[in-house]
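User: Got a model open here and want to talk through it. Can you take me through the fold and then the charged pairs?
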Amino acid sequence: MCAAARDDGVVRITIADTGHGISEENKSHLFEPFNRLGRESSNVPGTGIGLSIAKRLIKGMGGDIGADTEVGKGSTFWVELPAVEGREGLALWQWINLTS
């Protein structure tokens with residue numbers, strides 16, 4: 001996990017993995033509720049609702065979420081949020097540094 005403040009007042013948080021990656025076809029459906037992208041019969045638990053909830057929450061805070069992914073190489077998910085000054089902003093940076 002990595003976080004960086006940009007000059008335009010946005011904080012970008014990225015989380016990368018080295019998993020299977022997501023095809024371009026499936027990437028367009030990534031944030032659809034209950035869409036498990038063909039993994040419905042796999043042993044991977046889940047309902048396919050998490051990313052759609054995350055997107056609604058992040059959009060509600062004036063931010064954006066997305067993913068850069070390549071099949072066979074993994075994915076990097078990112079969240080961009082408006083930077084916050086003061087105690088709230090400091091608390092976020094402390095949390096990011098503790099969990100990364």
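User: What pattern does the protein chain follow, read along the sequence?

Analyst: This is a predicted model. The pattern is β-β-α-α-β-β-α, made of three helices and four strands.

User: In what order do the four strands sit in the sheet?

Analyst: The order is E1-E2-E4-E3, in an open sheet with antiparallel pairing. E1 and E3 are the edge strands; each has a single partner strand, so one side of each has no neighbour in the sheet. From one strand to the next the twist averages 20°.

User: How many bridges join E1 to E2?

Analyst: Four, and the two strands run antiparallel.

User: Which strands does H2 lie across?

Analyst: H2 lies across E3 and E4, and it runs at about 135° to E3. The helix spans residues 50–60 and includes isoleucine 53.

User: Is isoleucine 53 buried, exposed or partly exposed, and why?

Analyst: Isoleucine 53 counts as partly exposed because its relative accessibility is 44%. Together with Leu57 and Met61, Ile53 makes a nonpolar surface patch of about 310 Å².

User: Switching to charges. How many salt bridges does the structure hold?

Analyst: Five. One of them is between the side chains of arginine 6 and aspartate 8, at 2.8 Å from N to O. Another joins glutamate 80 to arginine 6, at 2.7 Å from N to O.

User: What does the pair of glutamate 80 and arginine 6 tie together?

Analyst: Glutamate 80 lies in strand E4 (residues 74–82), while arginine 6 is in the loop between strand E1 (2–5) and strand E2 (10–16), so the pair ties together parts that are 74 residues apart in sequence.

User: Which of these residues are buried or exposed?

Analyst: Glutamate 80 is buried, because its relative accessible area is 15% and the cut-off for buried is under 20%. Arginine 6 counts as partly exposed at 33% relative accessibility. Aspartate 8 is exposed, with a relative accessible area of 52%.

User: What about lysine 59, which residue does it form a salt bridge with?

Analyst: Lysine 59 forms a salt bridge with aspartate 64, and the closest N and O atoms are 3.1 Å apart. Both partners count as partly exposed: lysine 59 at 43% relative accessibility and aspartate 64 at 27%.

User: Which residues do salt bridges with shared partners join into one network?

Analyst: Arg6, Asp8, Arg12 and Glu80.

User: Last topic, totals. What share of the residues in the protein chain is buried?

Analyst: Buried residues make up 24% of the 100 residues. The chain exposes about 7000 Å², and carbon and sulfur atoms supply 56% of that area.

User: And what share of the contacts comes from residues 24 or more positions apart?

Analyst: Such residues account for 51% of the contacts in the protein chain with a separation of 6 or more.

Key
Residues are numbered from 1 along each chain as its sequence is written. This is a predicted model: local features need pLDDT of at least 70, side-chain atom pairs count only at pLDDT 80 or more; totals for chains, interfaces and linings use all residues. Side-chain values use heavy atoms; hydrogens and water are left out. Patches are made of residues with over 30% relative accessible area and no salt bridge: like charges are joined within 9 Å, nonpolar side chains (Val, Leu, Ile, Met, Phe, Trp, Tyr) within 5 Å. Accessible areas come from the Shrake-Rupley method with a 1.4 Å probe; for residues, only the protein chains shown count as cover. A salt bridge is a side-chain nitrogen of Lys or Arg within 4 Å of a carboxyl oxygen of Asp or Glu. Buried means under 20% relative accessible area, exposed over 50%, partly exposed in between (1.4 Å probe, protein chains only). Contact means heavy atoms within 4.5 Å. Two strands pair if DSSP finds at least two bridges between them. Axes are lines fitted to C-alpha atoms, for helices over the stretch in contact, and angles run from 0 to 180 degrees between N-to-C directions.
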